[in-house]
Amino acid sequence: MTPIVAIVGRPNVGKSTLFNRLTKSHQALVDDLPGVTRDRLYGTVRAEGRSFRLVDTGGFDPPADQAFAHEVHAQIDLAMAEADLILFLADGKAGLNPQDSEVVNWLRRSGKPVIHAVNKVDGPEKEDAAQEFQALGVDNLHFISAAHGWGVRDLMANLLDLLPPEPEEEALPPEDQPAPPVQVALLGRPNVGKSSLLNALVGAPRVVVSPVPGTTRDAIDTPFSLDGKQYVLIDTAGIRRQGRVERGIEKAGVFRSLRAVERAHVVVAVIDAGEGLTDQDLRLVGQAVEAHRGLVVAVNKWDLLLGDPDGQRLLKEQLERLRGVAPWAPVLQLSAKTGKNLGRLLPTVDQVYEQYGQRLATAALNQALEEITARHQPPVVRGRRLKFFYASQVGVRPPTVVIFVSDPQAVHFSYRRYLLNELRKVLGLTICPLRLHLRARAGRRPGRSRT
């Protein structure tokens, strides 16, 4: 098992900045506003031949967000329960706070090994000013600057010394190596139930859930396994229409959400059945399509329409609009609250992922191309019919096909769409995107032929 280290402390002491430095990423949102981090955020740290999972947690008693204090504390409790080592962080610039002492005493009672660090100390001269933290009565008190890196190397050395030893693992032959986890991003407008859906899938309160829109501010990674398969669920910040997005934390959260789409294999677009399909839902589905990601549309809160056949019929009519954006995407009607059809979601994700990584036999691909162009012949351009010579798969995730044609620029978008739809149908790519490139054959100039 990979060791887990949890960072805890008051709000705005620099936990997310330290998380980003140790994981060598910009995964955690950083802002001067207290209470930015609400959920547990996981990252991997590799140093000196060792690796461990680092958990960024929300601050104790975030003064700017009392409404979520209980939920944030619950997330901290869960992080501490699974941690092998706890890293306490205080703010050297703000000075010793009575809450720091309360947190330190609470950590003593936890029985877990703890490393204590005072952040925002940029050098030896500021370390002298931060000596008041010695009153905490702890050993190995580190003075660091997460922003500039001062003292972080010594902190890391102490941390690695306290980690539990790594178990000796027998090397597996290549064919027995575990498959990499499927990256699944939950995408949608605020308050459509993304976090509730994640918690229902994992079977634990992994992220903060509230009826207040905008509860999730960052893209939160949740690794878990089910029936021997590994997944990483990415809960994203809700994305409103561009004109309504506020600058600062919300805008940064939206940016992280769209970046989460880029690193996902499959996007689950979550729609609120009670509100119906909106233009913003279609825009977000379009984001996944433009990124060439696998896609499943999850119509959540279906329980709100039970006993309302007219509402169900209206929603199904609205969902027909999805065919114009992603006709191949499977649509599931489910409820994170009641569990209805929840068991179908991950198997559907698995099916999309399997097709998303499919490799096509060259012979079958070219036979399909020949049949498709024979059934509906290419158009005549400048007195000559376009010729499609051969096709080759050049990539996966998504399956990417190059077709060599006499004049790529002369292929009308309608015939290109025909090729895409028919190739997907013939090759069995029924629920995943297919990327198509048209190229001129080497040594030939488009639109010209030898006489």
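The model is predicted, so local features are taken at pLDDT of at least 70 and side-chain atom pairs only at pLDDT 80 or more, while totals for chains, interfaces and linings use all residues. Residues are numbered from 1 along each chain as its sequence is written, and side-chain values use heavy atoms, leaving out hydrogens and water.

I begin with the backbone. Between strand E15 (388-395) and strand E16 (400-405) there is a loop that contains Pro398; helices (H or I, at least four residues) and strands (E, at least two) are DSSP runs, numbered from the N terminus. The peptide bond from Arg397 to Pro398 is cis, with omega near 0°. Arg397, in the loop between E15 and E16, has a positive phi of about 55° although it is not a glycine. His292 also has a positive phi, near 60°, and lies in the loop between helix H8 (279-290) and strand E11 (294-300).

On accessibility, buried means under 20% relative accessible area, exposed over 50%, and partly exposed in between (1.4 Å probe, protein chains only). Arg397, at 37%, is partly exposed, and His292, at 24%, is partly exposed.

I turn to the aromatic rings. Rings of Phe, Tyr and Trp (its six-membered ring) pair if their centres lie within 6.5 Å; planes under 30 degrees apart count as stacked, over 60 as edge-to-face and the rest as tilted. The whole structure holds four aromatic pairs. One of them, Phe224 with Tyr231, is stacked because the centres are 5.5 Å apart and the planes at 25°. Phe388 and Tyr415 form a tilted pair, 5.8 Å centre to centre with 40° between the planes. This pair links strand E15 to helix H12 (residues 413-426), 27 residues apart.
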